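Me: Please give me a close look at a single part of this chain. I would like to know how one piece sits against its neighbours. Keep it plain, please.

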Amino acid sequence: MARKHDEQLEAEVFPAPPEELPIGVQPAEAVVEAPATPVTWGKAFWTAFWVNTTYFAEGLPLIITLRLGTVFFTDIGASLTSIGYVNFLGLPWNFKFLWAPLLDIFGTKRRWLVTLQTIVGLVVLGVAYAAYRVPMENPHGHLTGIALMLVLLAFVAATNDIAIDAYYMEAIRGIREQAAYTGHKAMGYRIAMIAGVTGLLGLAALSPDKRLDWALAFGVGGVTMLAFALFHAIALPRPEQARVERPDLAETFATFGRAFWSYLQQDKIALVLLFILTYKIGDEILFSMNSAFLMRGLGVTKGQLSWLAGVVGAVTTIVGAMAGSYWIKRQGLRKAIWPLTILMNFNIWAYVWLAWAKPDPASPHGFAMIAFVHGYENMAAALGNAVLLVYLLTTCKPQFKAAHYAIGSAIMSVPSRVVGGFGGALAAHIGFLNFFILGFLVSLPSMALLFFVPFKDDPQPGAGSSAGGGGH
């Protein structure tokens with residue numbers, strides 16, 4: 001009975017992030033029979049619609065915080081060191097599972113997500129106002145206040161992720177029903193990525209007045225989040241009743257403690273953790289200063305960057321994720337991991353060439369070369385991301401599948417946040433060319449670990465569902 005309670009609790013509190021499930025791979029529990037209650041076409045359409053809108057509202061704050069934050073600081077004249085620090089804003093998403101049980105204490109998941117999305121919208125509007133007030137002759141002191149608002153935004157947005165994931169599992173009951181809408185989760189999230197990078201970043205390139213442009217970009221982002229909060233307050237189903245009795249907080253965290261401890265009870269756990277931590281570190285070092293390099297190192301404009309990241313990057317990431325997952329499904333993880341890993345790491349030399357050749361983005365040929373390398377890098381990174389995420393699935397024990405996946409996916413991107421946070425200072429000291437060469441060199445130890453890290457049986461072929469590829 002206690003085990004059954006643990007399984008129910010961990011599935012509710014620690015759902016796997018939709019943006020991190022590789023295309024073509026599905027959790028094993030999706031083979032469970034669907035509930036007997038028939039689902040009408042109208043209900044299925046409405047469910048798919050609100051799944052798209054809620055996961056759009058999950059993805060947009062991440063893009064505003066990390067991508068727009070990075071480009072804003074780059075465009076406004078911040079130092080490379082300060083630009084690198086923006087990567088630290090991703091840490092709340094890594095460790096959000098630590099305070100996820102707190103959302104069970106008061107109210108409902110629906111109330112939480114509406115409240116949090118309202119706060120996100122208001123904070124982003126505050127950033128828009130502060131961006132408009134930046135004194136261009138000496139912006140550095142003013143940027144500290146904006147950075148603090150982005151820190152608040154990161155924690156609120158990460159908590160919004162928890163509420164949305166938990167609400168999804170409350171509102172859609174039955175594993176087969178949940179699995180049927182995973183594609184819509186990924187689609188809503190990916191549309192938010194494209195809207196944020198192409199749409200909002202494009203708005204930041206409308207005029208020569210940087211302050212007005214950024215006030216418009218952040219302002220539209222804030223208003224969009226408030227509009228989604230209002231829509232969700234009016235239209236979302238109410239699957240939960242407000243709690244009369246509060247859950248036992250001590251037992252909730254004790255269950256998480258058991259899940260975390262059981263994750264550590266694996267064969268060669270030190271090697272497993274080291275592999276997860278270092279597998280994508282070289283690639284992540286490259287991406288940590290990608291926008292700053294394109295804008296400052298090559299002279300790419302904000303308008304060009306919005307097209308590179310929002311169209312070229314999005315399309316090639318999806319292609320890479322699909323190709324990587326298909327290859328793993330066809331060959332098995334053991335056979336697929338070497339070629340996909342080599343493609344992921346050796347493509348860093350394409351950026352080394354870019355930093356050496358410095359093609360001119362003002363010329364059609366130069367911009368075409370930059371777009372090709374950028375797209376190739378995103379596709380290769382997605383190949384490696386599929387490998388790591390499938391490997392994470394093999395480290396999850398059946399009784400704590402969702403909790404173990406949440407822990408593993410949090411661990412895997414900590415190095416990108418920490419190393420990327422200091423990437424600006426390092427790039428300023430050694431230059432972008434040497435910075436990218438260093439990224440390749442630090443990828444070599446993780447490749448050596450492939451000879452020693454334990455591999456469990458691959459996930460069963462065919463146990464797949466479209467859930468979105470990894471991205472940056």
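Reply: A contact means heavy atoms within 4.5 Å. Helices (H or I, at least four residues) and strands (E, at least two) are DSSP runs, numbered from the N terminus.

This is a predicted model, where local features need pLDDT of at least 70, side-chain atom pairs count only at pLDDT 80 or more, and totals for chains, interfaces and linings use all residues. Residues are numbered from 1 along each chain as its sequence is written, and side-chain values use heavy atoms, with hydrogens and water left out.

Start with confidence. The mean pLDDT (the predictor's confidence in each residue, from 0 to 100) is 80 for the chain. It reaches 70 or more in 82% of the residues. Residues 1-36 stay under 50, and the model has 101 contacts beyond four places in sequence for them. Residues 458-472 are also below 50, with 53 contacts beyond near neighbours in sequence.

Next, the overall build. The chain has 21 helices and zero strands. Of its 472 residues, 56% count as buried (under 20% relative accessible area; exposed is over 50%, partly exposed in between; 1.4 Å probe, protein chains only). Among contacts with a separation of 6 or more, 87% join residues 24 or more positions apart.

Now the close look: helix 17, residues 364-394. Take helix 16 as one partner. Helix 16 covers residues 348-357. The two helices pack at an angle of about 155 degrees, and their axes lie 9 Å apart. Axes are lines fitted to C-alpha atoms, for helices over the stretch in contact, and angles run from 0 to 180 degrees between N-to-C directions. Helix 16 and helix 17 are therefore roughly antiparallel (over 145 degrees; under 35 is roughly parallel, 65 to 115 roughly perpendicular, the rest oblique). Helix 16 passes helix 17 in a left-handed crossing (the near helix is turned anticlockwise from the far one by less than a right angle; clockwise is right-handed).

Which residues meet there? From helix 16 come Ile348, Ala350, Tyr351, Trp353 and Leu354. From helix 17 come Met369, Ile370, Val373, His374, Tyr376 and Glu377.

Just after helix 16, Lys358 takes a positive phi of about 50 degrees.

Helix 11 (residues 269-278) also packs on helix 17. The angle is about 155 degrees, and the axes are 11 Å apart. That makes helix 11 roughly antiparallel to helix 17. This crossing is left-handed as well. Here Val272, Phe275 and Ile276 of helix 11 meet Leu388, Tyr391 and Leu392 of helix 17.

Last, the cores. A nonpolar core is a set of buried Ala, Val, Leu, Ile, Met, Phe, Trp, Tyr and Cys residues joined through side-chain atoms within 4.5 Å. The largest one has 95 residues, and Phe72, Trp214 and Phe218 have the most contacts inside it. Helix 2 (residues 41-76) gives the most to this core, with 16 residues. A second, separate core has 32 residues, including Tyr263, Ala386, Leu389 and Ala410.

Phe72 counts as buried because its relative accessibility is 1%. Beyond four places in sequence, Phe72 touches Ala131, Val134, Leu143, Ile146, Trp214 and Phe218.
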